[in-house]
Amino acid sequence: MKGLYKKLWLVCFIIGAIGVLQRLFIGKHFVNLGSYVTWGLWVSFYIYLIGLSSGSYIFISIASVFKLKQFDKLKKIGLLTSAVTLACAMFAITLDLGHLERFWYVFIHPTPSSMMSWMVWLYSVYFLLIVLQIYHIFSNHEEKASTLFKVGFPLAIAIPVCGGSLFGVVGARPYWHSSIFPVLFLFEALLSGISLITLLGIGFGLVKKEAEGLFDILSKIILGLLTANIILEGSVLAVPLWGQIAYHIDAVKLVLFGQFWWVFWIVHVGLGCVLPLYLLLKKRGINGLAWASALIAFTFMSVRLNIVIPALSIPELKGLEDAFIEKRLIFSYVPSLNEWQVTLFIMALAVGLFYLSIKILPLLETRRTR
């Protein structure tokens with residue numbers, strides 16, 4: 001079975017690599033983005049991965065800062081998850097840039113009033129912090145790692161809050177322009193990150209039914225966060241409908257009843273909320289927790305798609321969609337084959353980096369303990 005998984009991974013990696021090479025040498029010719037819908041699958045995937053990274057890190061940093069010993073066994077896997085998802089998120093957003101060679105401009109020409117500038121600097125410090133912590137954790141330098149967790153805890157909270165603020169401050173897009181977005185992004189990051197760590201913990205035998213304390217508390221944490229997220233997301237959709245703001249209502253209707261209604265109702269609500277709620281409330285044991293965690297962690301991509309794309313798919317002026325006829329001047333968007341190939345490559349890259357990490361880093365730990 002392991003050989004089959006490796007072959008499947010290799011196929012995904014090669015298919016995805018072809019898409020990446022097309023992006024690098026041909027540019028965005030095969031991308032379905034345009035002058036109106038400027039962000040699509042790659043930006044959504046980047047936000048999704050950033051949420052997984054920051055949520056995972058916040059969880060393990062809380063365990064370290066408040067000395068919650070029952071979570072100690074999840075620290076290493078949580079740090080590796082944070083590092084891998086962050087690195088892949090940065091790769092995804094870099095490929096989305098129109099001019100890849102200019103990515104370093106934001107470092108030498110920062111704009112203090114720009115939320116995006118703050119995000120870039122936060123990500124840079126955050127990445128360096130995680131790399132240092134991985135070294136100290138696997139070198140058994142517990143005191144140094146603990147100190148870094150205290151520094152990283154507020155920094156990791158700032159990551160999703162800043163990401164939500166990037167959307168919330170855009171007054172020209174009423175669907176995004178909401179003070180609830182920073183809070184929503186924080187709770188979504190926690191839910192998806194903790195769910196992924198729980199799934200990996202079960203997969204590696206770190207979370208077991210016999211260990212009642214860890215099993216029960218993770219179930220309750222995920223259930224509580226899932227409930228909170230349902231309430232917050234419901235508020236994001238209900239408030240504009242109640243407020244009767246036409247432009248805002250159009251975006252919400254696009255999410256609920258548009259061309260991709262099934263992404264919201266089937267993928268997110270059905271598979272990402274209702275089914276996990278059933279599994280957690282019915283207490284289906286370790287397998288139930290594993291399935292609930294997997295469904296939440298992987299279907300959360302649908303949440304990011306429904307945040308990014310609908311706001312850009314509504315004309316800012318009536319009649320704008322008919323004013324000019326050109327394939328790059330349309331408000332509808334469906335990811336191209338190339339976009340899916342690149343996304344597949346990033347997913348395969350994440351799996352590969354995680355696999356190499358759990359193979360290589362324990363060697364460092366072994367040498368230090370001899």
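1. The accessible surface of the chain is about 18400 Å², and carbon and sulfur atoms hold 72% of that area. The areas are Shrake-Rupley values with a 1.4 Å probe, and for residues only the protein chains shown count as cover. This is a predicted model, in which local features need pLDDT of at least 70, side-chain atom pairs count only at pLDDT 80 or more, and totals for chains, interfaces and linings use all residues. Side-chain values use heavy atoms, with hydrogens and water left out, and numbering starts from 1 along each chain as its sequence is written.

2. On to the fold: there are 14 helices and zero strands in the chain. Helices here are DSSP runs of H or I with at least four residues, strands are E runs of at least two, and both are numbered from the N terminus.

3. For overall size, the radius of gyration is 21 Å, which agrees with the value near 21 Å for a compact globule of 370 residues. This radius is taken over C-alpha atoms, and the globule rule is 2.2 Å times the number of residues to the power 0.38.

4. Of the 370 residues, 49% are buried, meaning under 20% relative accessible area with a 1.4 Å probe, protein chains only.

5. Among contacts with a separation of 6 or more, 81% join residues 24 or more positions apart; a contact means heavy atoms within 4.5 Å.

6. Do have a look at helix α11, residues 285-299. In α11, 11 of the 15 residues are buried, including Gly285, Gly288, Leu289 and Thr299.

Key
Buried means under 20% relative accessible area, exposed over 50%, partly exposed in between (1.4 Å probe, protein chains only).
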